[in-house]
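Hello,

Here is the structure we talked about. My notes follow below.

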Amino acid sequence: MANLFETWSLDREIVLVKLLNHPRDKVFAAWMDPKALGEWYGPAGLSIETHEADIREGGVWRFDMVGVFEGKQQRFPNLMRFLEIVPNERIVMDYGTPDPDDPDRFRATVTFDEQADRKTVLTLRQLHPSAKRRQVVIGFGAVEYGLQTLDGLAAWLDG
């Protein structure tokens, strides 16, 4: 499966961009702090329960997204493996469930570009294992959920 992520393919990619009114070192720091991540990460209406947080190259963040759907609490287990961290520039991670053989895990790259006015352009690129899987996640709302997550980051930074 690792070979799938060695070649970037536009038919497997989702790109989300957010302009944040903060310098990139502050935006980057919000990704490096496990307590902060738990406060802003995830779609609107879901909370984060962290089980393990080792935010460094080679480390992992294992957490559940928790929400109420149709009157019943549901948990969505997540695992990020941090592959590369370049301070204030880039974070590369594998993202999926805690299942080590998760066939739907994807590669995510977050970049932080500071403008002359010290605002930061955050770009989140996802590379899915297949074009079909990309369509499935778009179909269940991954683009909207991703944008809600970036809005949560903006609100947390503004707060």
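V136, F140 and Y145 make a nonpolar surface patch of about 280 Å². Patch members have over 30% relative accessible area and no salt bridge; like charges are joined within 9 Å, nonpolar side chains (Val, Leu, Ile, Met, Phe, Trp, Tyr) within 5 Å. A salt bridge puts a side-chain nitrogen of Lys or Arg within 4 Å of a carboxyl oxygen of Asp or Glu. Areas are Shrake-Rupley with a 1.4 Å probe, and for residues only the protein chains shown count as cover.

This is a predicted model: local features need pLDDT of at least 70, side-chain atom pairs need 80 or more, and totals for chains, interfaces and linings use all residues. Numbering runs from 1 along each chain as its sequence is written, and side-chain values use heavy atoms, without hydrogens or water.

Y145 sits in helix α4 (helices are DSSP runs of H or I, at least four residues; strands are E, at least two; both are numbered from the N terminus). Y145 is partly exposed at 38% relative accessible area (buried is under 20%, exposed over 50%, partly exposed in between).

Now the sheet. 7 strands form an open, antiparallel sheet, ordered β1-β7-β6-β5-β4-β3-β2. Pairing takes at least two DSSP bridges. β1 (13-20) and β2 (47-53) are the edges; each has a single partner strand, so one side of each lacks a neighbour in the sheet.

β2 pairs with β3 (residues 60-69) over 6 bridges. E52 has R62 as its bridge partner in β3. R62 is partly exposed, at 31%. The C-alpha atoms of R62 and G96 are 9.8 Å apart.

Best regards

Definitions and conventions: Buried < 20%, exposed > 50% of the residue type's maximum accessible area, 1.4 Å probe, protein only.
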